[in-house]
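User: I should like to learn how to read the features of a structural model, one at a time. Please give the general idea in each case, and then apply it here.

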Amino acid sequence: MAQCLVLIVDMTPAYWADAETLGRAVDGLRAARQLFLLGGGRHAAIVGVGGQGADYLAPEHGLRESPWDPAGGLAMHAALAKALCFVNRHKVTGSRPADQSVVVVSVLGSACSAEGHMPALNAAFVADSMDIRLHTCWLGSGVPDLLCQQVAAASKGTVLNLAPADPASAASELLALLLQTFVCPRVPGCLQLPPAAAVDTRASCFVTNRLLELGLVCPVCFSIFHLEFASAKACPVCETPKEIPSS
């Protein structure tokens, strides 16, 4: 059974119907965390993620307002960094891939930030080296966010597309899925995650968020851009000039 569980939840108003619905969802995650610990799990945390960063909701802190601005997309890389720090703090790692002693589940309904693409994938590669599965429960409409798919694929995780018709009902549906699939490991092996689907591994432009066949990479901050920025005099992210004048 899993010994450590980290739940990452989308805290932005871009998906949830209202603040009350978001509150019910967070309360459900808190209940799932407690059931996991009562069922024999050793460590469990909840990480909230917004457009400006991520922060612990449990066990360290309560709800905060400052990082939840949805502008620019979710800072998924920050949330994954928090999750891996929590795991490393308690030094819980699996001895083999089948052990899955650590599980990280992201509950998202909003698109992720394009600027966090590379650090999020780096976090996924680190998680894979630690035998940590990064799963995603996608609540948004349409196809799950591409970065979520790539992160799951890189860590041998799974993307579960819930897409409830009414965001107000998402909290109860989400809690049922978490209890049946991740939180109650003593349930016999009749419940299995679906096989991983094919994932588009192309990178996205950090400015336009469009998928790229060919692109440009900044040698300083390693941001990726569409070829239309070839004539730009400086990197659109770190603003480093292409030609640094000699002294």
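**Aromatic pairs, helices and confidence**

Analyst: Tyr 56 is buried in this predicted model, its relative accessible area being 6%. Phe 86 also counts as buried, at 2% relative accessibility.

User: How are Tyr 56 and Phe 86 arranged as an aromatic pair?

Analyst: In general, a pair of aromatic rings is described by the distance of the centres and the angle of the planes. Two aromatic pairs are counted in the model. In the pair of Tyr 56 and Phe 86, the centres are 6.4 Å apart and the planes make an angle of 50 degrees, a tilted arrangement. Tyr 56 belongs to strand S3 (residues 54–58) and Phe 86 to helix H2, so the pair ties together parts that are 30 residues apart in sequence.

User: What geometry do Phe 225 and Phe 229 form?

Analyst: Phe 225 and Phe 229 form a tilted pair, with 6.1 Å from centre to centre and 55 degrees between the planes. Phe 225 counts as buried at 5% relative accessibility, and Phe 229 is buried with a relative accessible area of 18%.

User: Which residues of H1 are buried, and where do they lie around the axis?

Analyst: Helix H1 (residues 19–38) comprises 20 residues and reaches 29 Å from its first C-alpha to its last, close to the expected 28 Å. Its buried residues are Thr 21, Leu 22, Ala 25, Val 26, Gly 28, Leu 29, Ala 32, Arg 33 and Phe 36. They cover an arc of only 155 degrees around the axis, which puts them on the same side of H1. The face turned away from that buried side carries the exposed residues Ala 19, Glu 20, Asp 27 and Leu 38. Just after H1, Gly 40 adopts a positive phi of about 120 degrees.

User: What covers the buried residues of H3?

Analyst: Buried in H3 are His 117, Ala 120, Leu 121, Ala 123, Ala 124 and Ala 127. These buried residues fall within an arc of 155 degrees seen down the axis, so they line one face of the helix. Their cover includes helix H2 (76–90), strand S5 (133–138) and helix H4 (146–154). Just after H3, Asp 131 has a positive phi of about 60 degrees.

User: Where does pLDDT stay under 50?

Analyst: Where pLDDT is low, the predicted coordinates should not be read in detail. Here pLDDT stays under 50 over residues 94–100, for which the model has 11 contacts beyond four places in sequence. The mean pLDDT of the chain is 76, with 76% of its residues reaching 70 or more.

Notes: Residues numbered from 1 in each chain as written. Predicted model: local features only at pLDDT ≥ 70, side-chain atom pairs only at ≥ 80, totals over all residues. Heavy atoms only, no water. Helix = DSSP H or I, 4+ residues; strand = E, 2+ residues; numbered from the N terminus. Expected span 1.5 Å × (residues − 1). Buried < 20%, exposed > 50% of the residue type's maximum accessible area, 1.4 Å probe, protein only. Arc of directions from axis to C-beta. pLDDT = per-residue confidence, 0-100. Contact = heavy atoms within 4.5 Å. Phe/Tyr/Trp six-rings, centres within 6.5 Å; stacked < 30°, edge-to-face > 60°.
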